[in-house]
Amino acid sequence: MKKYIDQGKNDTRSGYGAGMTELGRTNPNVVALCADLVGSLKIDTFIAENPERFFQIGIAEANMMGIAAGLTIGGKIPFASTFANFATGRVYDQIRQSIAYSGKNVKICASHAGITLGEDGATHQILEDIGLMKMLPGMTVINPCDYNQTKAATIAIADHKGPVYLRFGRPKVANFTPADQKFEIGKALLLNEGTDVTILATGHLVWQALIAAENLENQGISAEVINIHTIKPLDEEAVLKSVKKTGCVVSAEEHNYLGGLGESIARTLATQHPAPQEFVATQDTFGESGTPDQLMDKYGLNNKAIEEAVLKVLKRK
């Protein structure tokens with residue numbers, strides 16, 4: 001359980017910025033586009049070192065997606081970044097028609113995702129973006145859990161051919177994965193072995209799942225924790241292997257339970273190995289203004305909610 005220790009809190013958007021800095025130095029085909037949010041996306045160093053490879057599009061996100069699609073034709077690898085709400089809901093038609101439909105090699109990098117955007121409130125806290133993006137044919141959807149994993153994911157998607165949606169956040173959260181851990185798209189990571197219940201978590205909820213597993217262990221409950229950083233393609237082999245052993249599952253995500261990771265897990269189980277499942281996610285609702293911690297507590301997106309879901313699902317085995 002103590003294998004993963006908080007190395008110091010950091011924001012996942014800074015992990016994206018660090019990954020972009022490295023790509024700027026190692027991959028000449030990588031270019032960056034931003035919709036007037038350079039400081040928030042932490043790509044200042046990339047721009048300073050590669051000014052000719054940066055395009056400031058302004059508050060014109062739909063135009064940014066079209067430009068990014070066009071840049072791929074010349075062999076460039078565009079990383080188009082803005083807030084998750086603007087990177088998906090505002091420009092869904094452009095992504096569908098200009099990027100996904102033709103399989104353009106665009107990396108859509110979305111910061112300030114989920115309810116932990118905080119005080120900006122419901123209009124900016126998108127909780128349906130995973131669903132929107134995973135339904136697009138050919139779109140890879142990635143939701144890393146901390147600074148180190150976001151940096152590694154940013155670097156990894158540059159070598160992946162095809163459109164990618166990379167989702168990360170605003171607040172400082174526990175940074176606990178190894179800095180040198182290889183990021184493999186579509187390969188879930190087993191963080192804690194267990195025999196009684198499987199906890200499948202993504203993004204900011206992964207650390208909360210580890211805390212929950214430790215608390216559950218003190219109650220005599222053995223919880224297996226798996227980090228599902230890639231929501232599409234889902235690592236069904238890892239999911240099924242674990243659930244066949246434990247017999248029940250809790251999914252945990254900072255997203256609406258409709259359309260998110262939990263639904264992908266449920267589909268996998270329904271078609272291949274039916275098992276009881278509980279969902280830790282927002283319940284078909286918009287968010288509101290508040291600090292990230294206040295909101296995560298109010299909407300049941302923390303280790304306590306995961307523990308309660310585990311106790312509930314165990315009664316259904």
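**Pockets, cavities and the strands around them**

In this predicted model, four elements each put at least two residues into the lining of the largest pocket: strand S8 (172-173), helix H9 (205-217), helix H12 (292-298) and helix H13 (303-314). Of these contributors, H12 gives the most, with 4 residues. The pocket holds about 370 Å³ of space. Its lining runs to 19 residues, and those closest to the centre are Lys-172, Val-173, Gln-208, Asp-293 and Met-296. Sorted by class, the lining of the largest pocket comes out as 9 nonpolar, 5 polar and 5 charged residues.

Next comes the second largest pocket, with a volume of about 200 Å³. Here the elements that supply two or more lining residues are strand S9 (189-192), strand S11 (223-227) and helix H10 (236-246). H10 has the largest share, 5 residues. The lining itself consists of Ala-188, Leu-189, Leu-190, Glu-193, Glu-224, Ile-226, Asp-235, Glu-237, Ala-238, Lys-241, Ser-242 and Lys-245. By class that gives 5 nonpolar, 1 polar and 6 charged residues.

S11 deserves a look of its own. The strand is mostly covered, with 5 of its 5 residues buried. In a regular strand, side chains alternate between the two faces of the sheet. In S11, Ala-223, Val-225 and Asn-227 point one way, while Glu-224 and Ile-226 point the other way, and all are buried. Glu-224 and Ile-226 also turn up in the lining of the second largest pocket.

With strand S10 (residues 197-201), S11 pairs in the parallel sense over 5 bridges, and here Ile-199 stands opposite Val-225. To get from S10 to S11 the chain passes through H9, making a β-α-β crossover that is right-handed. H9 is also one of the elements that line the largest pocket.

What about enclosed space? Rolling a probe the size of a water molecule over the atoms shows where empty space is left. The count comes to 2 cavities of 30 Å³ or more. The largest cavity contains about 70 Å³, and the residues lining it are Thr-12, Ala-113, Asn-143, Pro-144, Arg-167, Phe-168, Gly-169, Gly-203, His-204 and Glu-254. These divide into 3 nonpolar, 5 polar and 2 charged.

Phe-168, one of the residues lining the largest cavity, sits in the loop between strand S7 (164-167) and S8. Its relative accessibility is 3%, so Phe-168 counts as buried, the cut-off being under 20%. Leaving out residues up to four places away in sequence, Phe-168 touches Thr-12, Arg-13, Tyr-16, Leu-41, Cys-109, Ala-110, Ser-111, His-112, Ala-113 and Thr-150. Among these contacts, Thr-12 and Ala-113 are also listed in the lining of the largest cavity. Further along the chain, Pro-292 is 124 residues from Phe-168, and 14 Å separates their C-alpha atoms.

The second largest cavity has a volume of about 50 Å³. Asn-148, Gln-149, Ala-152, Thr-177, Pro-178, Gln-181, Lys-182, Phe-183 and Leu-189 make up its lining. Helix H8 (residues 147-157) provides the largest share, 3 residues.

Is Asn-148 buried or exposed? At 10% relative accessibility Asn-148 falls under the 20% cut-off and therefore counts as buried. With residues up to four places away in sequence set aside, Asn-148 touches Gln-7, Asn-175, Thr-177, Pro-178 and Ala-179.

From Glu-128 to Val-249 the separation is 121 residues in sequence and 22 Å in space, C-alpha to C-alpha.

Technical notes:
Residues numbered from 1 in each chain as written. Predicted model: local features only at pLDDT ≥ 70, side-chain atom pairs only at ≥ 80, totals over all residues. Heavy atoms only, no water. 1 Å grid on protein atoms, 1.4 Å probe; cavity = no way out; pocket = protein on both sides within 12 Å on 5 of 7 lines; lining within 4 Å. Points joined across faces, edges and corners; volume = space filled by probe spheres on them. Nonpolar A, V, L, I, M, F, W, Y, C, P; charged D, E, K, R; others polar. Buried < 20%, exposed > 50% of the residue type's maximum accessible area, 1.4 Å probe, protein only. Contact = heavy atoms within 4.5 Å. Pairing = 2+ DSSP bridges. Right-handed = clockwise from strand over helix to strand, strands pointing away.
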